[in-house]
Amino acid sequence: MTTRAPEPTTAAANPPVQPMEVNLLPSDVVRASAMPNLPAPDRQLTKVAKLIDVSKCIGCKACQSACIEWNDTQPELGVNVGVYENPHDLTPDMFTLMRFTEYENPQTGDFEWLIRKDGCMHCEDPGCLKACPAPGAIVQYSNGIVDFIHENCIGCGYCVTGCPFDIPRVSKVDHKSYKCTLCSDRVAVGQGPACAKACPTQCISFGPKDEMLAHAEDRIADLKARGYENAGIYDPQGVGGTHVIYVLHHADQPSLYAGLPDDPQISPLVQGWKGPAKTVGLAALGLAAAGAVLHGLLSRPNRVQPEDEMQAQALVNGGAEDRA
Amino acid sequence: MTNSWTDIKNTDLAIVMGGNAAEAHPCGFKWVTEAKAKRGAKLIVVDPRFTRTASVADYYAPIRPGSDIAFLMGVINWCIANGKVQWEYVKNYTNASFLVKEGFGWSDGLFNGYDAEKRVYDTADWDYQLGEDGFALTDPTLSDPRCVWALLKDHVAIYTPDFVENTCGTPKDRFLKICEMIGECAAPDRVMTSMYALGWTQHSKGAQNIRGMAMLQLILGNIGLRGGGVNALRGHSNIQGLTDLGLMSNLIPGYLNIPVDKEVDFETYMSTRGNAPLRPNQTSYWQNYRKFIVSFLKAMWGDAATAENDWAYHYLPKLDVPSYDILRTFEMMAKGEVNLYFCQGFNPLLSFPNRAKLTEALSKLKLLVVMDPLQTETAHFWENHGVFNDVDPAAIQTEVLELPTTCFAEDEGALVNSGRWLQWHWAGATPPGQARRDCWIMANIFLRLRDLYRVEGGKFPDPILNLTWDYADPYEPSPEELAKEMNGRALAPLYDATDPTKLVLDAGKQLKNFSQLKDDGSTMCGCWIFSGCWTEEGNMMARRDNTDPDDTGAYLNWAFAWPLNRRILYNRASADIHGKAWDPTRKLIEWDGAKWAGYDVPDIGVTSKPEDVMPFIMTNEGVGKLFARKGLKDGPFPTHMEPFESPIDNPLNAAIRGNPVARVFPDDLAQMATSAEFPLVGTSYRLTEHFHYWTKHNKVNAALQPEFFVEISEELAAEKGIAKGGQVRIWSKRGQIWAKAVVTKRIKPMICAGKTVHVVGMPIHWGFMGAAQKGFGPNSLTPFVGDANIETPEFKAFLCNIEPVEKGPLA
């Protein structure tokens with residue numbers, strides 16, 4: 001008789017070695033793309049967060065390495081183009097990336113090498129999910145994790161537009177969209193994310209979000225004591241807060257860190273679309289179907305309504321202009 | 001390391017100089033992060049480049065490659081001038097008060113007794129004045145002009161902040177700020193740790209760089225304390241074990257010496273190894289040398305080693321030169337004086353200097369045997385890989401045998417980490433293909449050789465025929481058997497020294513530790529410092545209890561640390577002369593009126609009275625040596641020397657080139673460049689994404705850092721017209737390579753002796769084998785010269801030039 005895995009509380013959580021049932025269930029989904037009116041979940045998981053303390057990061061890429069190993073992606077062998085970023089950007093095979101910024105601080109006259117681990121922020125209000133027209137292709141669990149369900153993905157790329165952080169990447173091989181899963185498969189069995197476990201300086205930590213915020217406050221106090229007056233947490237409220245949060249030495253200027261958005265917002269087009277679209281675009285599904293859909297949520301075939309297609313296309317066009 | 005990785009969390013100030021811990025030792029570096037986060041510790045980085053370590057440092061200063069001694073002597077000078085000295089420590093625990101012979105002196109960059117022709121110093125006067133009782137004379141008031149402290153003060157006086165700025169290129173304000181931060185650690189309750197690696201060793205005066213820091217740490221009273229020490233970050237997972245086991249041409253396990261030719265018999269050999277104490281009551285632990293060497297000889301030759309034949313001393317090889325280090329070996333190989341080269345776990349074609357010379361040397365061998373888990377460049381030196389290995393295979397007659405070995409994860413045994421911990425590990429995977437354990441290969445070769453000697457005889461078969469080989473499976477000695485042999489066992493019943501009726505250990509039993517070793521042949525021990533690792537209680541290296549009372553970082557029940565499971569060397573010095581901890585919050589051991597006890601295994605006789613017996617038990621003096629006597633060939637104090645290839649003249653004496661007593665072979669001297677020919681300073685280093693030349697065989701690592709590059713400043717790039725990501729050619733007097741250019745603000749030009757000095761940084765990880773893009777390494781360019789004392793090659797400072805190329809050979 002197996003038992004449910006415990007919810008992980010730290011990055012290095014080591015659950016018992018005997019097999020346990022996964023503890024991240026279809027019924028823990030609180031939001032799914034193009035599927036309004038999900039039944040209320042019967043339980044609320046602890047909200048989790050991955051805290052990336054940029055001030056402790058040495059840019060070693062152990063997180064990238066662990067991510068590749070755990071997800072068994074195979075990024076291709078590239079070349080050097082004069083920078084330390086390799087691969088040169090996020091790809092369908094590289095869900096996280098160290099980004100390096102050389103910064104001459106005008107206030108102190110000191111040089112700083114700002115290194116930030118880039119990847120999905122797991123927004124509380126996920127733009128990708130809102131923009132996605134494929135039912136059940138993007139889901140959010142009650143612990144905050146935003147996950148792509150590839151069986152349901154149609155490769156349209158609207159999630160890319162919907163993301164204020166420019167994170168998802170659509171594969172040219174299987175035409176599915178990929179990004180960090182916050183190791184939902186590990187979390188489901190009581191383990192923290194692979195990147196956090198591999199991080200040698202514990203710059204990446206993982207656990208209940210309130211604990212991570214408290215830990216971040218300690219780190220900020222330390223940084224302020226070292227002269228970083230503007231040290232702070234990056235947990236942007238424009239997207240309802242995130243489940244990947246940063247400690248930044250210069251929280252007043254997030255964009256210093258390789259263009260981290262200063263005040264990320266979901267594109268107004270996505271917001272606008274989602275209002276009427278809820279009823280118009282997804283009416284076909286109907287309330288009655290919701291239970292059945294949920295039941296098979298994680299392995300649904302792809303279904304898109306023509307209206308979704310049209311409206312989403314308009315969104316992409318508009319979105320592209322918006323971003324330009 | 002004097003201390004351990006886990007102890008670094010106890011520091012107040014970590015100085016990373018001569019290393020790049022975050023980059024090359026990311027897992028160990030976590031303890032710096034821990035000290036910063038939990039203690040509010042500060043981190044200083046001094047490096048030619050703004051490194052990954054610097055990215056998380058509190059303070060950074062640039063330094064010209066090869067000028068570290070000037071910087072360190074400058075800090076010592078500043079500390080002395082500004083009273084930042086832990087006086088009680090210096091007076092009691094160092095040789096500051098010892099009087100030095102009148103003949104010792106220094107002028108114009110040279111110590112007394114220099115012979116320019118032979119490139120050696122006459123060291124006769126580099127010693128103490130001795131009294132009639134044979135003990136060194138001292139002046140506890142430190143007022144005698146011949147006392148070490150007075151001589152040191154004089155010696156460092158020239159290293160003013162201006163001298164440092166001018167020589168090292170370190171801006172004066174940055175240098176002074178660092179002095180102030182370091183100076184705070186002279187307080188008994190403030191402790192600094194030094195973390196260094198090949199950035200200090202890979203110089204023609206590498207040992208003196210480290211001496212400089214050791215002296216500074218003694219002056220600050222930071223040796224022997226939690227969070228202090230001088231900590232060498234070893235570059236391979238088991239390189240500490242290699243050194244401990246004496247895998248050098250001139251060493252025997254446990255830092256004993258291979259005899260030299262003139263030591264014709266055992267007593268002659270022992271006559272210079274008496275190690276009589278130089279001060280009353282002092283331990284001078286090397287007085288036990290005879291026990292160590294006799295027990296070693298018994299481990300080697302068992303019953304064939306007897307008192308009558310001087311324990312088979314005549315079986316040991318005798319050196320006709322100071323050492324057959326790798327530079328000498330390749331020099332001989334290049335001259336056709338070596339027929340067979342056995343290359344085990346080593347890729348010299350990429351890891352030794354002047355690759356052209358290495359290729360030439362390997363081409364003159366009759367047979368090259370490479371034992372390695374990977375297909376190394378050395379094993380494939382004869383293959384043409386275009387510009388990446390431009391050789392003519394038809395012209396190379398060397399026969400090459402590749403013997404695939406297991407790698408660490410496929411094998412059981414102990415690895416010794418930088419903190420001297422012997423940590424047992426178990427095989428995690430089955431070896432692929434025909435890979436065999438190194439021990440299996442060596443045993444099979446040995447047994448076949450022994451048969452040949454048995455059947456055919458030979459000039460001197462005895463050492464081979466009589467070698468102890470009592471393993472259960474002679475063709476594959478097990479890690480357990482070898483570990484037990486290193487620990488040692490009693491060969492006869494051992495009785496208590498004070499009560500001969502009391503049996504301490506029965507014959508055949510594993511020794512408790514090296515304190516039980518005898519010089520009468522009744523014990524055997526393969527490596528005395530490891531004794532205690534596998535006792536009658538079992539495999540101490542396999543212990544995995546991570547409890548740590550009072551959070552000291554000692555972890556005494558985790559694995560085994562040599563010597564005697566001691567975690568911090570010289571820990572007696574963590575307490576004052578009366579045996580009370582300098583800093584109660586950092587207590588390690590204290591004197592309770594009858595004995596020493598505390599959190600660590602005391603590094604002193606447990607009943608040695610604190611006022612009588614001084615902490616540095618391995619020295620003849622009992623104290624730390626600010627003045628090294630004859631210990632190093634290039635001087636009792638570090639003196640600034642330029643690299644052999646330098647952009648400026650030695651400011652102390654323009655006629656001195658490099659280290660005046662470093663060994664240089666004539667052909668190599670002829671290949672040394674001047675700054676007129678080659679204006680840029682090259683330096684080499686590691687990247688986090690790779691481990692030496694191994695991980696380029698791994699697709700993940702290869703993807704994370706795929707291709708060879710060099711790093712240059714924006715200023716140099718502008719001057720030469722080099723674009724970010726463009727291809728460049730770099731050449732020295734010995735070779736040329738091509739690379740991608742990383743143009744960065746992290747390297748800045750420096751001003752030294754009025755000249756603008758540009759640095760070209762070169763990572764080491766690429767070759768022509770493996771999964772990464774084909775590339776080059778800096779060793780194609782670097783000079784064939786090593787440290788004067790230990791022959792570590794001068795990889796960290798050399799001259800080169802750079803130019804952009806339209807269409808280079810890289811991907």
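A residue counts as buried if 20 or more other C-beta atoms lie within 10 Å of its own, as exposed if 12 or fewer do, and as partly exposed in between. This tour applies that scale to a predicted model.

**Stop 1**

Please select L564(B), which sits in the loop between β23 and β24 of chain B. Is this residue buried, exposed or partly exposed? Because 16 other C-beta atoms lie within 10 Å, L564(B) is partly exposed. Its backbone also deserves attention: phi is near 60°, a positive value in a residue other than glycine.

The peptide bond from W562(B) to P563(B) is cis, and its omega is near -10°. P563(B) belongs to the loop between β23 (560–561) and β24 (589–591) of chain B.

**Stop 2: D108 in chain B**

Next, select D108(B), in the loop between β4 (106–107) and β5 (110–111) of chain B. Phi of D108(B) is near 50°, again a positive value in a residue other than glycine. Why does D108(B) count as exposed? The reason is its number of C-beta neighbours inside 10 Å, which is 11, and the limit for an exposed residue is 12 or fewer.

**Stop 3: strand β32 of chain B**

Select residues 759–763 of chain B, which form strand β32. Of its 5 residues, 5 are buried, so the strand is largely enclosed by the rest of the structure. In a regular strand the side chains alternate between the two faces of the sheet. Colour V759(B), G761(B) and P763(B) as one side of β32(B), and V760(B) and M762(B) as the other; both faces are covered.

Then show strand β26 (residues 680–685) of chain B, which pairs with β32(B) in the parallel sense over 5 bridges. Which residue of β32(B) is the bridge partner of Y685(B)? That partner is P763(B).

**Stop 4: a cis bond in chain A**

Move to chain A and select N86(A) and P87(A), which are joined by a cis peptide bond with omega of about -10°. P87(A) lies in the loop between α1 (62–71) and β3 (97–104) of chain A.

**Stop 5: where the chains meet**

Finally, display both chains together. The contact takes 33 residues from chain A and 36 residues from chain B. On the side of chain A that touches chain B, the elements giving two or more residues are α1, β3, β4 (111–118) and α6 (209–225). The most comes from α1(A), with 5 residues. By type, the residues on this side of chain A divide into 15 nonpolar, 10 polar and 8 charged.

Definitions and conventions: Residues numbered from 1 in each chain as written. Chains lettered and ligands numbered in written order. Predicted model: local features only at pLDDT ≥ 70, side-chain atom pairs only at ≥ 80, totals over all residues. Helix = DSSP H or I, 4+ residues; strand = E, 2+ residues; numbered from the N terminus. Pairing = 2+ DSSP bridges. Contact = placed C-beta atoms within 7 Å. Nonpolar A, V, L, I, M, F, W, Y, C, P; charged D, E, K, R; others polar.
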